[in-house]
Amino acid sequence: MATVATRTRLEFIGGLTFFLTVLAALLWAGWQLLMWMTAANQLPVNHLLIQGEHRYLSRESVRESVLELPEVGNFFALEVDRVQQQLLALPWIYQVSVRKQWPDTLRVYIVEQPVAALWNQDAMVNTHGEIFRAEHGTLDLVSLSGPDEEAGRVLKEYRLLQRFLQPRGYEIHRVHLTPRRSWELTLSNGVRLILGRDDIETRLQRFIDVYPGIVGRERVAYLDLRYDTGLAVGWKQDEETENDQERGTKSDRRA
C-alpha cells in the first residue's frame, strides 16, 4: 500500500516537474521572442504607402516627416499615434490615419486641407472657416480679410454674396471685414463696393440696378452704398489725383 502511494506521489511530482519545465521553457522562449521583436533595427519599417488625394502636399514631405521619427527603425516600437501627431504638424494635412501592416509596412491615409480662400494675404482659410498657414505659390483663390476670429463669418458671407452676385454677371475678387465690422467687396473688374454693416443684400441690389447706367463706369474706382437711398461714386482719376497730392505732401515734408 505504501509502495503504491509512493509511486503515485512520485508520478505527481514528476508530472508537476515536467509541466513546470515546459511552462518555464515556453515563458523563456516567449521572452526571447519579445526581446528579438523589440530589438532596435531588428524589423525596420521598409515600406511607406501614402493614400488619399493631395494636390498641394508633396509625398516627399510626408516621407521626410515620418523618417524624422527615431522609432521608424523598429516596426514594433513605432506607435501609430506618434506618427499621426508628427504628420498633423505638416500645414497642408487636415486629417490623417495611420496603420501598421505586417511585417514592415506603414499605411498613411491623408486628408488634405480643403482650402477655400486666401486669408489676410499671409494665410489661408479652409472650407470649415479655420485659418492655416502653408506654402501656396500662386493659387487662384478669392481673397478674404478681417479679424482672425471672424474668419468663419467672412467665409460664410462671401458664399452668400457670391450666390447673389454671380447669376447677375459679377464675380467677387475680395471680401474685407473692417475692424468696425463693416463690409467691403472688390469685384473682378476692380470696382470696390463699400457696403457698411446692415442691409447688405438691399445695397447690393441697388448697385446692380444703378451701375449699368453709370456713364463712364470703366473709370469707377468705388461705390459707397451706405446711404438709405442712392450711392456715392469715386472715380479713378479722383483717386490718382488724391494719391499724387498725398505723395507731393510727403515729399514736401521730407524736404
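Strand β2 and strand β3 (residues 105-112) are paired in the antiparallel sense over eight bridges, where two strands count as paired if DSSP finds at least two bridges between them, and where strands (E, at least two residues) and helices (H or I, at least four residues) are DSSP runs numbered from the N terminus. Arginine 99 stands opposite arginine 107 of β3. The model is a predicted one, in which local features need pLDDT of at least 70 and side-chain atom pairs count only at pLDDT 80 or more, while totals for chains, interfaces and linings use all residues. Residues are numbered from 1 along each chain as its sequence is written, and side-chain values use heavy atoms, with hydrogens and water left out.

Both β2 and β3 belong to an open sheet of three strands with mixed pairing, in the order β1-β3-β2. Because β1 (47-51) and β2 (93-101) each have a single partner strand, they stand at the edges of the sheet, and one side of each is left without a neighbour in it. Neighbouring strands of this sheet are turned against each other by 20 degrees on average, direction ignored; axes are lines fitted to C-alpha atoms, for helices over the stretch in contact, and angles run from 0 to 180 degrees between N-to-C directions. Helix α2 (residues 59-67) packs on the sheet and touches β1 and β3, its direction making about 135 degrees with that of β1, with contact taken as heavy atoms within 4.5 Å. Helix α3 (residues 80-88), in turn, lies across β2 and β3 and runs at about 155 degrees to β2.

A further open sheet, also of mixed pairing, is formed by nine strands in the order β6-β5-β4-β7-β8-β9-β10-β11-β12. Its edge strands are β6 (131-132) and β12 (232-235), each of which pairs on one side only. Strand β5 (residues 123-126) pairs with β6 in the antiparallel sense over two bridges, and isoleucine 131 in β6 is the bridge partner of valine 125. Helix α5 (residues 200-210) lies across β9, β10 (192-196) and β11 (220-224), running at about 145 degrees to β10.

At 36% relative accessibility, leucine 23 counts as partly exposed, the class between buried (under 20% relative accessible area) and exposed (over 50%), with a 1.4 Å probe and protein chains only.
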